[in-house]
Amino acid sequence: MKAAAERAERITEAILEVRGISFSYTMREGKKLHVFEDFSLDVRYAEFLGITGPSGCGKSTLLRIMAGLLKPERGEVYFRGKPLKEPTPRISMMFQNPALFPWYTVIENVMLALIHEKELTEEEKMERAKVFLDMVGLMGFESAYPAELSGGMKQRVALARALVSQPDLLLMDEPFSNLDPFTAISLRKEIETLWQNQSLPPSSVVMVSHDIEELVELSDRVVVLTKRPVKIAGIIEVDLDRPRSRRSGRFYEYVDEIYTLLS
Ligand SMILES: Nc1ncnc2c1ncn2[C@@H]1O[C@H](COP(=O)(O)OP(=O)(O)O)[C@@H](O)[C@H]1O
Ligand SMILES: [Mg+2]
């Protein structure tokens, strides 16, 4: 119960703060595509934050900014109270399509995420990678190559790779949208279980999704974004016990509330 108490205490504190950022892409003729103008959002400690919004509004861009992969032109991103200047192993990202190296085995793909951990020997890296492969249900597939795996298994490798550095924050960009429904259900459950076990990293998860039911099932809060330039249309606090049943009337009240904000 210690974890729950700690969680309640920390839940109002931000692990990541996006403060008044502006960001634009420069197009071919030098024209600018303004994605964010003075945009702010907090990710709290120990929360599961869902993000949704129209296609092309800037959700993937926002996650890349949160990961330190893109720099805002104005404004600041703070991670655990300090300005985030570059990517850090403390923040991991998982994409819609698992970007695995085809010429490396499953375990080598996971070990790549530990490349900067200079104090670990190769054996220790291998041990650690194995622990996380077991955790995502890939025991026995260490020496397989990505081409030998199903889509769901590849996404599990990507999850093990995202978790092996034991990040505080996991960012997921539509992680289940390319999986068959059964694989998506089991992977969703596993991520929820992992996140709920607060003795394990990550503390906080941010997930972008178009699947509103999926967002209500998993999220403590759901942020609904508008079209560009992006504003927050609303933030829904989902106050339902876990594990959540999609059959309850209250579940669908949240779903409806989000659809209303999207339209
Ligand atoms: N590298 C890029 N260069 C130019 N424009 C981009 C680039 N990446 C995304 N965009 C554009 O920026 C907008 C936001 O993109 P994105 O963040 O991918 O949206 P979302 O994930 O919400 O669908 C879109 O209009 C998209 O076409
Ligand atoms: Mg996207």
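So, the open sheet with four strands: the order is 2-1-4-5, and the pairing is antiparallel. When I say strand or helix, I'm using DSSP runs numbered from the N terminus, with helices being H or I of at least four residues and strands being E of at least two. And two strands count as paired if DSSP finds at least two bridges between them. Strand 2 (32-44) and strand 5 (82-83) are at the edges with a single partner strand each, so each has one side without a neighbour in the sheet. Strand 5 is joined to strand 4 (residues 74-79) by two bridges, running antiparallel, and there Y78 has P83 as its bridge partner.

Helix 2 (residues 59-66) packs on this sheet and touches strand 1 (14-26), strand 2 and strand 4. Its direction makes about 125° with that of strand 1. Touching here is contact, meaning C-beta atoms, placed from the backbone, within 7 Å; the angles run from 0 to 180 degrees between N-to-C directions, along lines fitted to C-alpha atoms, for helices over the stretch in contact.

Quick caveat: this is a predicted model, where local features need pLDDT of at least 70 and side-chain atom pairs count only at pLDDT 80 or more, while totals for chains, interfaces and linings use all residues. Residues are numbered from 1 along each chain as its sequence is written, and chains are lettered from A and ligands numbered from 1 in the order in which they are written.

What supplies the shell around ligand 1? Strand 2 and helix 2 each give at least two residues, and helix 2 gives the most, with three. Among the residues around the ligand are Y25, L33, V35, K59, S60 and T61; a residue gets in if its C-beta atom, placed from the backbone, lies within 6 Å of the molecule.

Now look at strand 8. Five of its five residues are buried, so the rest of the structure largely encloses it. Buried means 20 or more other C-beta atoms within 10 Å of the residue's own, again with C-beta atoms placed from the backbone. S204, V206 and V208 cover one face, V205 and M207 the other. Strand 7 (residues 169-173) pairs with strand 8 (residues 204-208) in the parallel sense over five bridges, and strand 3 (residues 48-52) joins strand 8 in parallel through four. M207 is the bridge partner of M172 and also of G50.

Beyond its neighbours within four places in sequence, A160 is in contact with V110, F132, L133, V136 and L138.

Note on methods. Two residues are in contact if their C-beta atoms, placed from the backbone, lie within 7 Å. A residue is buried if 20 or more other C-beta atoms lie within 10 Å of its own, exposed if 12 or fewer, and partly exposed in between; C-beta atoms are placed from the backbone.
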